[in-house]
Amino acid sequence: SETKKRVLIIISSFIFILLYIIFAFKLPGDELQLIPKWTISVTKPSQNSSFDSKKFAFKLGQILGYFTEEGDVTLSESFPYMATISDEHWTVFSSSAENLPIFNNNREKIGTIETAGFPFFTDYGNFIFLPGGMSFGYLDDDGKRLWTYEDITPIASFYPYEKGIIVGFAEGKILNFDYKGNIIFSSVPGGSKYSVILGVASSEDGLLSACVSGIDSQRFVLMKTAGGQTKTVFHEYLDGNLREQTYVKFSKDNSKVFYNEKNGLGVVDIGNLKSYHIPLLGKILSIEEMEEYNLFFVLTKLEGEYRVYILENLSNLIGSYVFKGNNGFILSDKNNLYTGVDSTITKIEVQR
């Protein structure tokens, strides 16, 4: 009805004004500015808009879909149980997942996953975790399982990248696969009372890998692969013990690696193998990089409160902002930062 439309417009305008007050401020470092451009609701797809633009995937609570740089929601799909989405593909599933349809970002069905399990779609390929949590398969775009790796211990961490997949297991083993299913290298970092690979990542070229390893004498370990050999080039014992899956990520230029530790963010400068430790509140959910300005945006969550910390260069914390919600994400592209919270997404332009 017209009344409901007017109420929605008023609410949306209030949200945008509030976000403008929160975000439109200057930060140190050549007067860095965060300028809100638009706020959209993800609950309804846009009408009469061109969808030729690049599409960004989102998942907020029980809604998934795609949006564009211009603020068009090209797809909005609610789901009752679980879902997985990448910039190209998505599907929804329950605990008894079998014969799952695969859709592209235009909502066209392009395949079926006949294998029972839990699918995981990424920008580097589609995977399925088999029942029991100790095995995974690699899928083609049609949903056909191309190969499978089976183990006798649970998978604890999983990280696809451009040239392969690096996987950490509960008993402390790391395996790095290429996309044909061949094992590139294996490693057992050890050094702790209880061996488990809580977080693992690889550089895009596959030459560097890193992990947060073990409980009781928990360690961060950086490894380098050369000449068919993988060697530890840096390690450090960490204060406290995380006991859940942990965030690890390399910068795009492979000059630094970030990881979540008990009291915040750890950063290692790969050039001089020096570590930095930045106190942050909450669990690290993601890190987005803006190469043009050498900025890193770190999203954390503590109870019902999200924080976005802004880092310049290697470890210079120059600002942060807070928002409340049940679900949230950040995503960067060029000089734009997209912030999702519950049923809205806001585009923030970063200027200097």
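Colleague: Hi! How much of the protein is buried?
Modeller: Hi! Buried residues account for 52% of the 352 residues in the protein. Keep in mind that this is a predicted model.

Colleague: Noted. How many helices and strands are there in the protein?
Modeller: The protein has 1 helix and 32 strands.

Colleague: How much accessible surface does the protein have, and what share belongs to carbon and sulfur atoms?
Modeller: The accessible surface is about 16,600 Å². Carbon and sulfur atoms hold 50% of that surface.

Colleague: Which residues form a nonpolar patch on the surface?
Modeller: Y81, M82 and F118 do, and together they have about 300 Å² of accessible area.

Colleague: Tell me about Y81. Where does Y81 lie, and is Y81 buried or exposed?
Modeller: You'll find Y81 in the loop between strand 5 (73-78) and strand 6 (82-85). Y81 has 58% relative accessibility, so Y81 counts as exposed.

Colleague: Switching to electrostatics. How many salt bridges does the structure hold?
Modeller: There are 9 salt bridges in the structure. One of them pairs K54 with D333, with the closest N and O atoms 3.2 Å apart.

Colleague: Where do K54 and D333 lie?
Modeller: K54 is in the loop between strand 2 (32-41) and strand 3 (55-60), while D333 belongs to strand 30 (residues 328-333), so this pair ties together parts that are 279 residues apart in sequence.

Colleague: Nice. And why does D333 count as buried?
Modeller: Because the relative accessibility of D333 is 14%, and the cut-off for buried is under 20%.

Colleague: Which residue does R307 meet in a salt bridge?
Modeller: R307 meets E305, at 3.0 Å from N to O. R307 counts as buried at 15% relative accessibility, whereas E305 is partly exposed, with a relative accessible area of 23%.

Colleague: How about E312, what does the side chain of E312 meet in a salt bridge?
Modeller: The partner of E312 is R352, and the N to O distance is 2.8 Å. This pair links distant parts of the chain, 40 residues apart: E312 sits in strand 28 (residues 305-312), and R352 in the segment after strand 32 (344-351).

Colleague: Let's go inside. How many cavities of 30 Å³ or more are there?
Modeller: The structure has 1 cavity of 30 Å³ or more. The largest cavity holds about 40 Å³ of space.

Colleague: Which residues line the largest cavity?
Modeller: The lining consists of K249, F250, S251, F258, I287, E288, E289 and F296. Strand 22 (248-250) and strand 26 (283-290) are the elements that give two or more residues to that lining.

Colleague: Which strand gives the largest share of the lining?
Modeller: Strand 26 does, with 3 residues.

Colleague: Last one: where is K224 found, and what is K224 in contact with?
Modeller: K224 is part of strand 20 (residues 219-226) and counts as partly exposed at 45% relative accessibility. Leaving aside neighbours within four places in sequence, K224 is in contact with L207, L208, Q229, T230, K231 and V233.

Colleague: How far apart are K224 and S202?
Modeller: They are 9.8 Å apart in space, C-alpha to C-alpha, and 22 residues apart in sequence.

Technical notes. Residues numbered from 1 in each chain as written. Predicted model: local features only at pLDDT ≥ 70, side-chain atom pairs only at ≥ 80, totals over all residues. Heavy atoms only, no water. Salt bridge = Lys/Arg side-chain N within 4 Å of Asp/Glu carboxyl O. Helix = DSSP H or I, 4+ residues; strand = E, 2+ residues; numbered from the N terminus. Buried < 20%, exposed > 50% of the residue type's maximum accessible area, 1.4 Å probe, protein only. Areas by Shrake-Rupley, 256 points an atom, 1.4 Å probe, with all protein chains shown as cover. Patch = residues over 30% accessible without salt bridge, like charges linked within 9 Å, V, L, I, M, F, W, Y side chains within 5 Å. 1 Å grid on protein atoms, 1.4 Å probe; cavity = no way out; pocket = protein on both sides within 12 Å on 5 of 7 lines; lining within 4 Å. Points joined across faces, edges and corners; volume = space filled by probe spheres on them. Contact = heavy atoms within 4.5 Å.
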